[in-house]
Amino acid sequence: MNKTYNTNEFEANRQLEIINELKSRYDEEYQRTKVKKTFHIVTFGCQMNSRDSEKISGILKQIGYIETDTEDADFVLYNTCTVRENANNRVFGRLGHVGKLKKNRPGMLVAVCGCMMQETTAVERVKKSYPFVDIIFGTHNIFKLAELIKTRIDNESVSDKHSDRMVIDLWKDTDMIVENLPNDRKYPFKAGVNIIYGCNNFCSYCIVPYVRGRERSRNPEDILEEIRALANDGVKEVMLLGQNVNSYGKNLNPQISFAQLLKEVEKIDKIKRIRFMTSHPKDLSQELIDVMGASKKICRHLHLPLQSGSTRLLKIMNRKYTKEDYLDLVDRIRKAVPDISLTTDIIVGFPGETEEDFMETIDVVKKVGFDNAFTFLYSKRAGTPAANMECQVDENVAKERFDRLLDEIHASAAKAAGRDVNSVKDVLVEEVNSQNEDLLTGRLSNNMLVHFPGDKSLIGEIIPVYLEESKGFYYIGKQA
Ligand code: SAH
Ligand code: SF4
Ligand code: F3S
């Protein structure tokens with residue numbers, strides 16, 4: 001009888017074999033040279049990319065590389081973002097810089113990966129203008145990194161011409177989720193956990209569905225097992241990650257909702273805080289609101305991208321909710337979770353945005369009173385429906401609106417800040433303050449930062465802190 005494989009498990013085992021093979025080669029080299037090879041990852045973009053970089057780092061450390069904090073390294077990787085045009089420009093700037101470093105560093109490897117490499121034009125530009133790049137891969141095949149390195153090293157004997165040795169492996173989409181590969185984490189006490197990959201929403205301005213592929217939910221058991229292992233390893237806070245976590249489980253059999261998954265995570269004893277990102281308003285269910293209301297562990301912070309307050313524009317953006325739907329949702333959330341902190345994303349200058357549309361956005365900002373917001377000038381992304389829309393907004397008009405919006409957000413954030421002055425709240429201590437070594441920095445459940453005097457042995461602990469004073473975007477406190 002033929003042996004049937006679960007392709008994902010088969011692939012994971014194949015990759016682990018290649019990782020071990022490279023590890024032996026690197027070990028041998030180390031015995032000779034007594035020098036460990038170094039790597040450095042430059043990460044652009046969102047939490048999804050940060051998490052991917054941790055996976056890349058996990059594979060590299062397993063092979064025998066050690067991490068270093070500059071691009072003067074044996075292996076430099078650029079994990080790119082392409083959500084706005086300026087994200088791309090920053091990557092090309094860095095590639096120019098590393099090209100010069102590479103000239104003086106024989107044997108150095110450079111890789112470009114991530115969302116920008118899912119776009120043909122960007123890949124062509126790298127091939128043409130930065131031919132010293134060694135490896136190009138995308139968002140769907142990070143798990144193959146060891147195999148790509150091996151191919152690149154083996155190519156050394158194939159040709160003298162650098163561009164012939166370049167390894168390019170790009171997948172348009174995938175239904176594969178490869179579990180159980182090496183992993184790395186930036187913090188020992190908090191961790192991001194992917195629950196759903198890709199996006200099916202096709203908001204008309206957004207390139208993410210084209211570069212991250214269709215939605216794929218991870219198996220709940222795989223997620224819970226990962227979180228249990230993290231908890232046993234000392235992790236207290238998990239951040240469940242997805243472009244739209246509220247879509248979690250729709251393609252699984254049996255189906256499971258995001259709210260049900262949260263209830264399962266809540267049962268894991270040593271996990272004390274649960275965060276998630278991002279929630280699409282159209283899919284945020286009453287079930288989720290109720291679960292949040294009843295939970296002792298789900299953090300009192302919700303990032304709920306608005307994009308625009310104009311129902312007319314929201315329709316053209318393909319967001320599938322109206323201004324009133326959004327306001328009603330906020331009301332229901334605040335009723336169930338009165339101490340919730342709300343943050344959002346807003347785009348200014350979407351094609352056809354009129355002054356009236358813009359004032360609808362300002363109206364929502366005033367009505368909701370966001371704790372904070374990320375504001376973006378609309379950026380035209382080739383291949384998205386909005387890029388071909390007529391009446392692109394004049395740059396100066398968009399900038400002027402952007403400044404007005406920013407003033408409004410600052411006013412709203414200032415009002416929200418300081419709500420908890422003179423109270424004692426739990427803080428997860430994250431690090432020594434970067435400006436003042438005598439202070440520690442931590443976060444409240446609602447994601448607000450707190451600086452307070454304390455010993456660095458408290459890092460990773462959740463402790464009560466008295467919040468003395470608000471400084472707008474952070475509190476000054478003392479241990480209670
Ligand atoms: N999945 C998340 C957001 C992903 S991108 C969500 O649906 O909310 C992060 C933010 O970038 C978006 O919320 C949006 O505000 C912004 N963004 C996306 N495409 C953009 C574009 N073409 N121009 C300007 N901002 C954009
Ligand atoms: Fe982009 Fe919309 Fe998907 Fe968010 S939900 S990633 S904005 S298409
Ligand atoms: Fe950028 Fe890709 Fe995230 S385009 S915002 S890094 S999903």
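This is a predicted model: local features need pLDDT of at least 70, side-chain atom pairs count only at pLDDT 80 or more; totals for chains, interfaces and linings use all residues.

How much space lies in the largest cavity? The answer is about 30 Å³. The structure holds one cavity of 30 Å³ or more. Its lining consists of Met48, Asn194, Ile196, Tyr197, Gly198, Arg212 and Gln243. Sorted by class, that lining has three nonpolar, three polar and one charged residues.

Let me turn to the second largest pocket, whose volume is about 720 Å³. It is lined by 34 residues, and those closest to its centre are Lys55, Val178, Glu179, Asn180 and Tyr197. The elements that contribute two or more residues to this lining are helix H2 (47-63), strand E7 (190-194) and helix H8 (220-232). By class, the lining of this pocket has twelve nonpolar, nine polar and 13 charged residues. Please note Tyr197, which is named here among the residues closest to the pocket centre and also lines the largest cavity.

I now come to the ligands. Which residues surround ligand 3? They are Gly45, Cys46, Asn49, Cys81, Thr82, Val83, Cys115, Arg212 and Gln243. In terms of class, this shell has four nonpolar, four polar and one charged residues. Arg212 and Gln243, both in the shell of ligand 3, are also part of the cavity lining.

Around ligand 2 we find Cys199, Asn201, Phe202, Cys203, Tyr205, Cys206, Val208, Pro209, Gln243, His280 and Arg319. The class count for this shell is seven nonpolar, three polar and one charged residues.

How many residues does the largest nonpolar core have? It has 67, and those with the most contacts inside it are Val238, Leu240 and Phe258. Leaving aside residues up to four places away in sequence, Leu240 touches Val193, Ile195, Ile227, Val245, Phe258, Leu261, Leu262, Val265, Ile274, Arg275, Phe276 and Met277.

Finally, some points on the backbone. Where are the cis peptide bonds that I wish to show? One runs from Asn253 to Pro254, with omega near -5°. Pro254 is in the loop between strand E10 (237-241) and helix H9 (258-266). Another cis peptide bond joins Met277 and Thr278, with omega about 0°. Thr278 is placed in the loop between strand E11 (273-277) and helix H10 (286-294).

Two asparagines have a positive phi. For Asn318, phi is near 65°, and this residue is found in the loop between helix H11 (311-316) and helix H12 (323-336). Asn447 has a phi of about 85° and is in the loop between strand E16 (439-443) and strand E17 (449-453).

Thank you for your attention.

Methods:
Residues are numbered from 1 along each chain as its sequence is written. Chains are lettered from A and ligands numbered from 1 in the order in which they are written. Side-chain values use heavy atoms; hydrogens and water are left out. A residue is near a molecule or strand if one of its heavy atoms lies within 4 Å of it. Ala, Val, Leu, Ile, Met, Phe, Trp, Tyr, Cys and Pro count as nonpolar, Asp, Glu, Lys and Arg as charged, and the others, Gly among them, as polar. A nonpolar core is a set of buried Ala, Val, Leu, Ile, Met, Phe, Trp, Tyr and Cys residues joined through side-chain atoms within 4.5 Å. Buried means under 20% relative accessible area, exposed over 50%, partly exposed in between (1.4 Å probe, protein chains only). Contact means heavy atoms within 4.5 Å. On a 1 Å grid over the protein atoms alone, a cavity is a set of points where a 1.4 Å probe fits but cannot get out, and a pocket is an open set with protein on both sides within 12 Å along at least five of seven lines; lining residues have an atom within 4 Å of a point. Grid points are joined across faces, edges and corners, and a volume is the space filled by probe spheres set on the points. Helices (H or I, at least four residues) and strands (E, at least two) are DSSP runs, numbered from the N terminus.
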